[in-house]
Amino acid sequence: MSRTLPSSGHAARAITLVEDLQRQLVARLEQAAATVGDRQSLQPVEWLRDEGRHGGGVRYVTGDTVAFDRASVNVSSIHYDDVPEKRLASATAISTIVHPSPPRAPSMHMHISWTEMRDGRGYWRVMADLNPSIPLAADEEAFTVALRDAAGDTYEEGAAQGDRYFAIPALDRHRGVTHFYLEGHHSGDFDADEAFARRVGEAVIAAYGAILDEALGREIQREDRAVQLAYHTLYLFQVLTLDRGTTSGLLVHDQNDVGILGSLPSHVDRALLASWRGQVPEPQGELVDRLVAALPDQVPSPVTVEAKRALAATVREHYRAHPEALDLQARGNIVPPTVANHR
């Protein structure tokens, strides 16, 4: 079956924007990978919401290559044109994560989305963050400068919200070294806001592509793989215990669990993950225990497709049993009407 598209003109323009960014990023990743002899193309995978009746999406993925441990560039567009009682009319997004294989090449996350309510009101969410296993000041500076130049007057607010959102209180640290998170952005001028979202997205793609061109060829030290594994474990911990967007997506439906968890790296350290159990507030300790149990008992533990499905089910079951734990999740300066409340 094919995907249906939302009837809203603003949603249609948002689809054009995120699909443009998807094409640009996929091409730039493949270009960077070619510098180290990796000429494997990212492959498209389609998913459907309610057999396409309410939309769906396509993600481009790769992994286990010379250049990429895991990479997922997902575009989704869901709508409820035929369910007028829902407050949410449509949600359109590009969500991407790139985990390079070389430990000294930083990971990158970007999310840009347009959410439109039934009454016609809407807002943008614009996020980008650089996530190195082994931080390098030059990479951080290049990424930060690109964000600052593209975001203009909104940069300070977005950087502050990003620092708050990507904090990991239990471990007294952050995921990543430079963050931008602008939530609920709407100036009243859709044209200007759309141009802003495009400008930030294209700046991130250009800056990260330039970083990758140099970083993929960096010399690997003996201890680098262990440091990378520890950071990838931290990444999984943050995504599955704190990330509000991931949790909302998993609670809404179970039709794209593997895609929603496309941000996870290929392997993690179960013992390290289990060691953080005593540092989180209850009932999150129970969640950590169950996440550890859902991962294969291997060293290191592979985050397989089956493991992703088990992890997704674990998160969904935990928050349905403990809805109060949603208050422990990450947030920026504001919490907008969540998609989970309207789908």
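**Close-up 1. A salt bridge joins the side chains of Asp82 and Arg53, with 2.7 Å from N to O.** Asp82 belongs to the loop between β3 (68-79) and β4 (88-100), while Arg53 belongs to the loop between β1 (43-48) and β2 (55-63), so the pair ties together parts that are 29 residues apart in sequence. The model shown here and in the other views is predicted, and its salt bridges come to a count of 20.

**Close-up 2. Asp50 has a positive phi, near 55 degrees, although it is a residue other than glycine.** Asp50 is placed in the loop between β1 and β2.

**Close-up 3. Helix α6 (residues 244-252) and helix α10 (residues 305-321) cross at roughly 90 degrees, and their axes come within 9 Å.** The two helices, α6 and α10, are therefore roughly perpendicular to each other. In the contact, Thr247, Leu250 and Leu251 of α6 meet Ala312, Val315, Arg316, Tyr319 and Arg320 of α10, and by class this contact has 5 nonpolar, 1 polar and 2 charged residues.

**Close-up 4. At the start of helix α1, a side-chain oxygen of Ser8 comes to within 3.2 Å of the backbone nitrogen of His10.** Helix α1 (residues 9-34) has 26 residues, which at 1.5 Å a residue should span 38 Å, and this agrees with its end C-alpha atoms, which are 38 Å apart.

Note on methods:
Residues are numbered from 1 along each chain as its sequence is written. This is a predicted model: local features need pLDDT of at least 70, side-chain atom pairs count only at pLDDT 80 or more; totals for chains, interfaces and linings use all residues. Side-chain values use heavy atoms; hydrogens and water are left out. Axes are lines fitted to C-alpha atoms, for helices over the stretch in contact, and angles run from 0 to 180 degrees between N-to-C directions. Helices (H or I, at least four residues) and strands (E, at least two) are DSSP runs, numbered from the N terminus. Angles under 35 degrees count as roughly parallel, over 145 as roughly antiparallel, 65 to 115 as roughly perpendicular and the rest as oblique. Contact means heavy atoms within 4.5 Å. Ala, Val, Leu, Ile, Met, Phe, Trp, Tyr, Cys and Pro count as nonpolar, Asp, Glu, Lys and Arg as charged, and the others, Gly among them, as polar. The expected span of a helix is 1.5 Å times one less than its number of residues. A polar contact is a pair of N or O atoms within 3.5 Å; within protein, one must be able to donate a hydrogen and the other to accept it, and residues adjacent in sequence count only if both atoms are side-chain atoms. A salt bridge is a side-chain nitrogen of Lys or Arg within 4 Å of a carboxyl oxygen of Asp or Glu.
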